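Open the model in your viewer and keep the selection panel at hand. The stops below are given in the order in which to select them.

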Amino acid sequence: MRITMFRKLMAGEFGQVRAEMIAHDHVLSSLGGRTADEALEAGTEAKEVWIAVCEAFDVPENRR
């Protein structure tokens, strides 16, 4: 998954503004105590970050 797809999925699930806030501010323990943006910047695969966000926010399986 490309980062652009990750951003589209985030915006589709949470709305553009909230998606940006979540990616920038919400620390995810499953990503080593980093935010989604920090994890992506560190080289974590976008798919792994998307799954971590989905788990943290209880996104239903059919939308993951």
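**Before selecting**

This is a predicted model, in which local features need pLDDT of at least 70 and side-chain atom pairs count only at pLDDT 80 or more, while totals for chains, interfaces and linings use all residues. Residues are numbered from 1 along each chain as its sequence is written, and side-chain values use heavy atoms, with hydrogens and water left out.

**Stop 1: α1 and α4**

Select residues 3-14, helix α1, together with residues 46-56, helix α4. Helices here are DSSP runs of H or I with at least four residues, numbered from the N terminus. The two helices pack at an angle of about 15°, and their axes are 9 Å apart. Each axis is a line fitted to C-alpha atoms over the stretch in contact, and angles run from 0 to 180 degrees between N-to-C directions. α1 and α4 are therefore roughly parallel to each other; angles under 35 degrees count as roughly parallel, over 145 as roughly antiparallel, 65 to 115 as roughly perpendicular and the rest as oblique. Their crossing is right-handed, a term used if the near helix is turned clockwise from the far one by less than a right angle.

Now show side chains. From α1, Ile3, Phe6, Leu9, Met10, Glu13 and Phe14 meet Ala46, Val49, Trp50 and Val53 of α4; contact means heavy atoms within 4.5 Å. The residues of this contact divide into 9 nonpolar, no polar and 1 charged. In this scheme Ala, Val, Leu, Ile, Met, Phe, Trp, Tyr, Cys and Pro count as nonpolar, Asp, Glu, Lys and Arg as charged, and the others, Gly among them, as polar.

**Stop 2: α1 and α2**

On the α1 side the contact is made by Arg7, Met10, Ala11 and Phe14, and on the α2 side by Gln16, Arg18, Ala19, Ile22 and Ala23. The residues of the contact divide into 6 nonpolar, 1 polar and 2 charged.

Pick alanine 11, in helix α1. Not counting residues up to four places away in sequence, alanine 11 touches Gln16 and Ala19.

**Stop 3: the core**

Which residues have the most contacts inside the largest nonpolar core? Select Phe6, Met10, Phe14, Leu31, Ala36, Val49 and Val53; the core has 18 residues. A nonpolar core is a set of buried Ala, Val, Leu, Ile, Met, Phe, Trp, Tyr and Cys residues joined through side-chain atoms within 4.5 Å. Buried means under 20% relative accessible area, exposed over 50%, and partly exposed in between, with a 1.4 Å probe and protein chains only. The elements giving two or more residues to this core are α1, α2, α3 (36-41) and α4. α4 contributes the largest share, 6 residues.

Centre on leucine 31. Leaving aside neighbours within four places in sequence, leucine 31 is in contact with Ala36, Ala39, Thr44, Glu48, Val49 and Ala52.

**Stop 4: along α4**

In α4, colour the buried residues Ala46, Val49, Trp50, Ala52, Val53 and Cys54. These buried residues pack against α1 and α3.

Tryptophan 50 counts as buried, at 1% relative accessibility. Beyond four places in sequence, tryptophan 50 touches Met1, Phe6, Leu9, Met10, Glu13, Arg63 and Arg64. Draw a C-alpha to C-alpha distance from tryptophan 50 to serine 30: the two are 20 residues apart in sequence and 11 Å apart in space.

Glutamate 48 also lies in helix α4, but counts as partly exposed at 43% relative accessibility.

**Stop 5: outside the helices**

Move to threonine 35, in the loop between α2 and α3. Is threonine 35 buried or exposed? Threonine 35 is buried, with a relative accessible area of 6%. Not counting residues up to four places away in sequence, threonine 35 touches Ala23, His24, Asp25, His26 and Val27.

Finish at aspartate 58, in the segment after α4. Most residues other than glycine have a negative phi. Aspartate 58 has a positive phi of about 50° although it is not a glycine. At 63% relative accessibility, aspartate 58 counts as exposed.
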